[in-house]
Amino acid sequence: SLQNRNLRQQVIQTLNNNPSRQLAFSDWVEQVLTARRPGHGVASVGVMTDEVATQVATRTGAEPARLMVIGEKQLVHADSAKHQRMGVALTVAEYQKLPTLLASPSAVLWDNRNQNLLYIGGSDDAVKVAINAPQKLPKQKDLLDVAINVYRVNYRDLQNGVANGQYEVLAGEIKAL
């Protein structure tokens, strides 16, 4: 069970789709991206379904934590100057909607090359959230499923990845545009 009381509280509120939780997450994203001095703080972004957790355990032999989080460092990394230059960084509003994306992704993929999960959401361009399940983060007692990166990709690249066997579709589908 989860050691960190604050995180456990966030999870319960996330499960209940609590508006004040959404607001707290939005504020956290804005603070972290404004300050640009990431510490070891983490925020919960969602809970992995049983279906996906079982598939991960089958592939890795390790039970996922089932609690998906993003850390300050990962958020600032996702919003890096490099990602902005490449045009793959999200807007602040899109980062703020990560819990919504993770709650109802259009697809969940397994990346055979990197041995991690990809949650896909978004409309014209896909938003890809890469999750290491589970991972140990500094200063956290618990193993957590960590969003290590978030960026924009296009659907064609995802479809090619499925076609060449790099990605397996665990849930949902990669819609052709």
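**View 1. Strands S5 and S6 pair side by side in the predicted model.**
Strand S6, which spans residues 143-153, runs antiparallel to S5, and nine bridges hold the pairing between these two strands.

**View 2. The whole sheet, strand by strand.**
Seven strands make up an open sheet with mixed pairing, and their order across it is S1-S2-S6-S5-S4-S3-S7. Strand S1 (42-47) and S7 form the edges, each of them pairing on one side only. From one strand to the next, the twist averages 35°. The protein as a whole has eight helices along with its seven strands, and residues 24 or more positions apart account for 63% of its contacts with a separation of 6 or more.

**View 3. Strand S4 between its two partners.**
Strand S4 covers residues 116-121, and because six of its six residues are buried, this strand is largely enclosed by the rest of the structure. On one side S4 is joined by five bridges to strand S3 (residues 107-111), the two running antiparallel, and Ala107 has Ile120 of S4 as its bridge partner. S4 is also joined to strand S5 (residues 126-136), again by five bridges and in the antiparallel sense, and here Leu118 stands opposite Ala130 of S5.

**View 4. The turn of the S3-S4 hairpin.**
Four residues lie between the strands in the hairpin of S3 and S4, and within it Gln115 takes a positive phi near 55°. Gln115 is not a glycine, although its phi is positive. The residue sits in the loop between S3 and S4, where it is partly exposed, with a relative accessible area of 42%. Arg66 belongs to the loop between H3 and S2, and its relative accessible area of 28% makes it partly exposed.

**View 5. Gln166 and its surroundings.**
Gln166 is placed in the loop that lies between helix H8 (155-163) and strand S7 (167-172). Its relative accessible area is 12%, so Gln166 counts as buried, the cut-off being under 20%. The side chain of Gln166 makes a polar contact with the side chain of Arg113, at 3.0 Å. When neighbours within four places in sequence are left aside, Gln166 is in contact with Trp110, Asp111, Asn112, Arg113, Asn114 and Gly161.

Helix H3 (residues 50-60) lies across S3, S4, S5 and S7, and its course is at about 155° to S7. Val56 is part of this helix and, with a relative accessibility of 0%, it counts as buried. Apart from residues up to four places away in sequence, Val56 touches Met48, Gly61, Ala62, Pro64, Trp110, Leu117 and Ala133. Asn116 is 60 residues from Val56 in sequence, whereas the C-alpha atoms of Val56 and Asn116 are 8.3 Å apart in space. Ala133, one of the residues that Val56 touches, is joined to Pro134 by a cis peptide bond with omega near -15°, and Pro134 itself lies in strand S5.

**View 6. The nonpolar cores.**
The largest nonpolar core has 34 residues, of which Ile70, Tyr95, Leu117, Tyr119, Val129 and Val150 touch the most other members. The element that gives the most to this core is helix H2 (residues 19-35), with five residues. Val150 touches Ile70, Ala78, His83, Leu90, Tyr95, Leu98, Val127, Lys128 and Val129, if residues up to four places away in sequence are not counted. Another core lies apart from the largest one and contains eleven residues, among them Leu109, Ile120, Tyr167 and Ile174. In soluble globular proteins, nonpolar side chains tend to be buried together. Of the 177 residues of this protein, 47% count as buried, and its accessible surface comes to about 9,100 Å², of which 49% belongs to carbon and sulfur atoms.

How values were computed:
Residues numbered from 1 in each chain as written. Predicted model: local features only at pLDDT ≥ 70, side-chain atom pairs only at ≥ 80, totals over all residues. Heavy atoms only, no water. Buried < 20%, exposed > 50% of the residue type's maximum accessible area, 1.4 Å probe, protein only. Contact = heavy atoms within 4.5 Å. Areas by Shrake-Rupley, 256 points an atom, 1.4 Å probe, with all protein chains shown as cover. Core = buried A, V, L, I, M, F, W, Y, C linked by side-chain atoms within 4.5 Å. Pairing = 2+ DSSP bridges. Polar contact = N/O pair within 3.5 Å; in protein donor to acceptor, adjacent residues only side chain to side chain. Axes fitted to C-alpha atoms, helices over the stretch in contact; angles between N-to-C directions.
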